[in-house]
Structure formats: C-alpha cells, structure tokens
Amino acid sequence: MITLRDVSRTFVLGGESVHALRGVNLHIERGEYISIMGPSGSGKSTMLNILGLLDRPSSGTYELDGQDVTALTDEEQSRVRREKIGFVFQFFHLVPRLSAAENVELPLVLAGAHPGERREKVMRLLTEFGIAKRARHRPDQLSGGERQRVAIARAMIMEPAAILADEPTGNLDQHTGGEVIHLLEELNARGMTLVLITHDAVLGGRARRHIRTLDGRVEGG
Amino acid sequence: MLTPDIAHFAWRSLEGARTRSLLMVLATSIGVAAVVVLTSLGEGARRYVRNEFESLGTNLIIILPGRAETVGGGAALASGRTAHDLTIEDAMALRRIRGIEHVAPLNLVEGEVSARGRRRDVPISGSSSEIQHIWGLSTASGKFLPPQDPRNAAPHCVLGSKVARELFGTESPLGQYVRLGDRRFRVIGVLAPKGEFVGVNMDDMVIIPVASAQVLFNLSSLLRVGVMTRSREDVPPVKAEIARLLRERHGGEDDVTILTEDAISSAFDRILVALTFALGGIAAVSMAVAGILIMNVMLIAVAQRTSEIGLLKALGASPRQIRFLFFAEAVLLSAVGGVLGSVVGQAGSFVIRRLFPAVPAFAPLWAVSGGLALAIATGVAFSVVPARRAAALDPALALARR
C-alpha cells in the first residue's frame, strides 16, 4: 500500500548539505502495524513528513495506494493527504477556538461535505470513542487523553488509508497514554494501517514490525 | 469547501482575535466615513450653488454685447467693444418675440450721488420698469420707475433703502431731489431692503431710466439686456429667436453673447462635481492607510497562526483554500468596516445638515457605493501578500515540535 523506492531527502543548512534520508526503500502492506523508531536527528521526522505528503523527497518515488504521489501538484497532494492520511500529533494540534466536534469535523469541512452528513459522522465517531458528552467543549476544557481522542477521531473521520501517529503518547501520562495506544491498536485490529513514529523502544516494540532509522538509513525495512 | 463554511470559519477566527479585528474594522470604517462625509460636503456645496442660481429665476436670459468663446466666463462680462453696440432699440425689438414676458435694458456705472451736501459713491443702474420683475424688487414707499418708452431720459430715480437712509436720514426722500453728475433727479420711490443679489448690494443702488444713464455717462451701448420668458420651456426657442433677431439687426454678425441660467449654473456644477471627486480622492488616501494597517495586522496573524495553518494543511487544506480563508477574513472585516463607516458617514452628513441648513450635504450614491467597494477592494488587495505567505508555509516546519 505504501512503497518508498530509493527515497532521499537532502536539506541545505548554512551552505552545507544534510542528508536526512539516504536511499530509503520501504514497503508497508494494508492493515499493517509498524513502528518507526530512532533517536532524534536520525531521519525519523523527515520520514513522517514524506509519508504524510508534508514534504517531497529530493529523489526517489513514493507510491501510495497504487498511485505515484511524488509527481502530483501541491493541490493534488492536498487532496490525497485529506482523503488517505490521518495524522495524530504529540501536541494534539487541535484548533483552540473550535469545539471538539468542530475540530473533528474540520477535514469534512475542507472536503466540502454537507452539514447534515458531517454532523452524523462526527457524532458517530465521538460516541464510539466515548467522548460524545464532550462534543461541545473546547480543547482547553478537555483532559490530555480526551484531546488525543478528539485528534484521533479527526484523523479517522475521512476513513483514511493509513494513520501516521507521531509520538501520540509523548505528552500524556502512562495510564492515559496506554488508553490512547489501545484505541489506535483497536483501529488497526479493524484493518486500519497504523504507522507509529516514536523514540520510545517499549512503545515501538508493541508494533508487529519495527523499523529503525539511523543516520538517514533504514534498518528492518 | 462550501462558501458558508469558509465564511463561518473566517468569522470564528476573527472572533478569536477580537482586538485585532476591531482595530481593522475601525481603520476601514474611518476611511469609508471620510469618503462619505467629504463627498457629502462637496455635493452640499454643489446643491447650494445650484439653489442660489435657481433663485435668480430659471427662465432668465442675459444678453451681453460681444462674442464670448467660452460660456459663463468673466471675459464675456468684461468685453464691451464690438462692431455693433447693443442698443436700447435692440432691447425694444426683442419685445416682439413670442414667449418673452419682460425685457429690461441695463447699464451699470459706479458714480456719485449727492443730496443736501452728503455724497455717496454707489452703483447706478440705468434700466426700465421691467427690471423690477427680473430682479424681484419691491418698493418700501413711493413707486418704481413707471412703464414708458425707454428712450425717454426722464429725470427721476428710485433709491436703495440704505442710500436713502444715508442721504435723507429719517425724513422721507419722496419728491426730493438728488444730484447725479450734473443733473438733478426727483426721487419717486425707495426700495425695500433686499441685500446682496447677483454680487451687487441692492440697498446701495440708485436706479434711473436707461436713457438718462446713457446721457449722463455718455454711453452708446448697453451693459446687458435681461430677458424673462413666460416659462422655463420657453427659454431655448426664445434664445434662438433672440440670436436670429439680433444677427439680422447687426448686419448678419453674431456679435452678442446670450447666457441662460442653465449654462451658468451647469458651468459651476461641473466645477463642483470635480471638487467633490477631488475630496473623495483625498478621503480615499485614508483608505490606503487602512489597507496598509490591514496588511500589517494580517501578517502578524499569519505569524501567530503558523501552527494552525500547518495543521490545516496536514488535514488536507490546499494552498488555494488557505488563501481563500485569509481573503474571506479580509473581505468580512472590510465589509463590516465599510458598512459601519458608511453609517457613521451618513450620521456625519446629517449633523452637517443640521448645523448648516443652507448646505444640503447629502453624500452622492456613487460615493457611498464607491467607498464600500473601495473598502472591500482594499481589504482584498492588502491581504494578497499575507494570504500568499500563509499558503506558502511549509507544513512540516509549521507543525514542528515546540
């Protein structure tokens, strides 16, 4: 479902080339649960950005769901990102002035879905995630765990092909973090492809397949 | 993204930054209010002048000797030298034209009037009984010049209210004599106070028969002939007929200038419309200042909302959508500011109308709608740069961990 072929990413920093990724090959099957681990500066974040279409490889190709997405324009990439990828971030990244329900609704709004359809989908997901009662609350009125559930609901609302979770428990206590991971794993159990990016070996160890990044290269891919 | 969603989202983010939004609304509304108030002043001046001219009588025609190239200029009033004089006989001939109500020949000379050892320098008009209707004069005592052949140089006069008082005090001047040059004139009437009219103070005026004035000051030509038509509709045909008749009498030469109230006031009209445009333009400068403020504040907003923009991109917002969201904010702000500004501006012109009832200060429609359109255009134009900057943000950087 996800295939990276010989992907490199080079940044120019202060006149010097920094090779964040060097000739990475990676294949991820539909429904897989895979963790990408590595110390900071190993190319982990660059990998996430490229998988999430937030960044383009300097060379190589990225095939998502049978489509070469490296050749797409910015507008087309936005569409692919909206429809096929769900992000879960360490810092939740909820819009502070919008309610939980409105945050979850946001991808549907961007996609131009009609209000009736939106409301129904949002309420179904919030109910499923056990936060329906908090639908009208703003992020600052929610606990960390609730915020991350809202963020996961938002990632799921478009029924994407894969969820990219970037240190999803990094900002939560152990218990809440555990609940969030269970929620993600439950989604994976229902067939959702789950890519977990973390520097936490214990967390990463839970995935069925582990990839390590080191110095821009990938081991175990 | 659906249009109501764009508007709603933009509205929510404006609500989220209340002070900033209010400042921008304020800047825009000051700009629009300035346009509305200043143009309403210009328009008020235009209507004021137009009303003044209409008080002259809209069915008035003035004939001057000499051919003026431009209409309504001072040159025509000053130039008196031509091949043919405009004579009392010319004026009398006009009487035959259908549609004419009154014809009054006129000479106007600055001269000395004296009585009982008192002297005054005053404007002296030589005219006929009909000037009373053209100038709208009435007598306070005695009577006006009697209707008679204008070639008759009768030795009687009518005094303005002020000159009568200055020469005779509280005594009645009727039947008394005043001296003009080397001749004596019997006072047959005193005008009711009227004040300034067509740039001359009627209360200072001494009016004598036109033939007497020509003899007294050795004039061969009239200064002008005033004609009043029966109605406003009669003005164009009467004007054409006057031109034809005088050409015939002057040996086929077009050597007179014929002015109508319309032509004079429309010349002023054009000037004052230009003035109103200029005032509107000056006010529009304040809009440019508002635009720069909007741009500045929007740029700050983009910087403050970097992570939100990154998030929107991660959720699949295209660069185009991001631009639209920022445009929508600018349009909303400037529309609200524009509407508010025109309301404030209208209130301002209402206050002006209250304070100066003579000046009908109504903002012209083009200024109100133009001000609104300009406000929105300014909002959009000055949000291009911030919107582009937002759309060009690298989402990976924008979302980077803190």
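**Stop one: where the chains meet**

Select the contact between the chains (heavy atoms within 4.5 Å): 27 residues come from chain B and 29 residues from chain A. Before you go further, note that this is a predicted model, in which local features need pLDDT of at least 70, side-chain atom pairs count only at pLDDT 80 or more, and totals for chains, interfaces and linings use all residues. Residues are numbered from 1 along each chain as its sequence is written, chains are lettered from A and ligands numbered from 1 in the order in which they are written, and side-chain values use heavy atoms, with hydrogens and water left out.

Chain B and chain A bury about 2,600 Å² between them, with 58% of it on carbon and sulfur atoms. That figure is the accessible area (1.4 Å probe) lost when the two parts are put together, summed over both.

Now look for salt bridges (a side-chain nitrogen of Lys or Arg within 4 Å of a carboxyl oxygen of Asp or Glu). The rule finds three across this interface. Zoom in on B:Asp5 and A:Arg118, one such pair, whose closest N and O atoms are 2.5 Å apart.

On the side that touches chain A, H1 (3-16), H10 (306-314), H11 (319-355) and H14 (395-398) of chain B each supply at least two residues. The largest share, six residues, is from H10(B).

**Stop two: a covered helix in chain B**

Select helix H7 of chain B, residues 210-217. Six of its eight residues are buried, so the rest of the structure largely encloses it. Buried here means under 20% relative accessible area, exposed over 50%, and partly exposed in between (1.4 Å probe, protein chains only). Show side chains for B:Val210, B:Ala211, B:Ser212, B:Ala213, B:Gln214 and B:Leu216, the buried residues of H7(B). Their cover includes helix H4 (88-94) and strand S2 (100-115) of chain B. Just after H7(B), stop at B:Asn218, which has a positive phi of about 55 degrees.

**Stop three: two loops in chain A**

Jump to A:Phe92, in the loop between strand S6 (85-88) and helix H3 (100-111) of chain A. A:Phe92 is not a glycine, yet its phi is positive, about 65 degrees. A:Phe92 counts as buried, at 7% relative accessibility.

Finish at A:Glu167, in the loop between strand S7 (162-166) and helix H6 (174-189) of chain A. A:Glu167 is not a glycine either, and has a positive phi of about 45 degrees. With a relative accessible area of 3%, A:Glu167 is buried.

Conventions
Helices (H or I, at least four residues) and strands (E, at least two) are DSSP runs, numbered from the N terminus.
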